[in-house]
Amino acid sequence: MTRSLEGLRQSLPDYARDIKLNLGALLGEAGLPELTAGQKWGAAVAAAIAGRNAVLTRAIEHEAMLHTDERHVEAAQTASAIMAMTNVYYRAVHMAADPELSRLPAGLRMNGLTKHGVAQADFELFGLAASVVKGCEGCTKAHIDGARKHQCSVPAIQGVIRLAAVIHAAATVLDEETDPALFEPLPGSALLNETPQPGKGWADDRAALIGGVDKGRSPAVRP
């Protein structure tokens, strides 16, 4: 069963209240009027896939199908898949700062960049959403240029960047809240026989775990 997007939004903890409110504002009916429904929900799908939280991705894909057509959802999936490859490649080339390397063709199949079934302006926005989440400077600039070339407004481009940022934040919080490592007791801790559970008292349990640092113990942290 797909968990509803609103249910996930409401499950975000108090410390992520800003993320909860931003997610509701941007993806609500009146959110991001500078984007078409296809652009908004396609960008949301692309950003969610790039954010790599499966539960959030499924919820956004399900919601997207209620607000736009299958072509836009599939194009967003294509964009995020290609960006997962190109963001890594071009970011590495950029970091290398090697003129000879940068002149070489990528030699990677990228037919999906032009064969995706939606307006090129929409696809550029989907690629932008994924590239923002993945942090590729070159790809982000390229998709902004492509979006501008295909008559996307600056507010529309900013809207996609805002949406990608919020979805990435939501994915990060949901990952942290469900990370099994946070439930592991600390060696030598008085909590060895007590497994903290989400819900009431969870914040206190987690604080107790983290408090182990003050006594010379290492807390359970994410890699």
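Is Lys-115 buried or exposed? The close-ups below start there. This is a predicted model, in which local features need pLDDT of at least 70, side-chain atom pairs count only at pLDDT 80 or more, and totals for chains, interfaces and linings use all residues. Residues are numbered from 1 along each chain as its sequence is written, and side-chain values use heavy atoms, with hydrogens and water left out.

**View A. Lys-115 in its loop.** Lys-115 is exposed, with a relative accessible area of 65%. (Exposed is over 50% relative accessible area, buried is under 20%, and partly exposed is in between, with a 1.4 Å probe and protein chains only.) The loop that holds Lys-115 runs between α6 (99-103) and α7 (120-134). Helices here are DSSP runs of H or I with at least four residues, numbered from the N terminus. Thr-78 is 37 residues away along the chain, and its C-alpha atom is 9.5 Å from that of Lys-115.

**View B. The buried face of helix α2.** In α2 (residues 17-27), the buried residues are Ile-19, Lys-20, Leu-23, Leu-26 and Leu-27. They fall within an arc of 145° seen down the axis, so they line one face of the helix; the arc is taken from the directions from the helix axis to the C-beta atoms. As a handy reminder, an α-helix has 3.6 residues a turn, so residues three or four places apart point the same way. Arg-17 and Asp-18 are exposed on the other side of α2. The cover over the buried residues of α2 includes α1 (5-11), α3 (37-51) and α9 (154-177).

**View C. Arg-9 in helix α1.** Arg-9 sits in α1 and counts as buried, at 15% relative accessibility. Leaving aside neighbours within four places in sequence, Arg-9 is in contact (heavy atoms within 4.5 Å) with Lys-20, Leu-21, Leu-23 and Gly-24.

**View D. Helix α5 meeting helix α8.** The axes of α5 (residues 70-96) and α8 (residues 137-149) come within 7 Å and cross at roughly 115°. Each axis is a line fitted to C-alpha atoms over the stretch in contact, and angles run from 0 to 180 degrees between N-to-C directions. From α5, Met-83, Thr-86, Asn-87, Tyr-90 and His-94 meet Glu-137, Cys-139 and His-143 of α8.

**View E. The Tyr-89 and Tyr-90 rings.** These two rings form an edge-to-face pair, 5.0 Å centre to centre with 85° between the planes. (Rings pair if their centres lie within 6.5 Å, and edge-to-face means planes over 60 degrees apart.) Tyr-89 is partly exposed at 22% relative accessibility, and Tyr-90 is partly exposed at 35%.

Key. Helices (H or I, at least four residues) and strands (E, at least two) are DSSP runs, numbered from the N terminus. Rings of Phe, Tyr and Trp (its six-membered ring) pair if their centres lie within 6.5 Å; planes under 30 degrees apart count as stacked, over 60 as edge-to-face and the rest as tilted.
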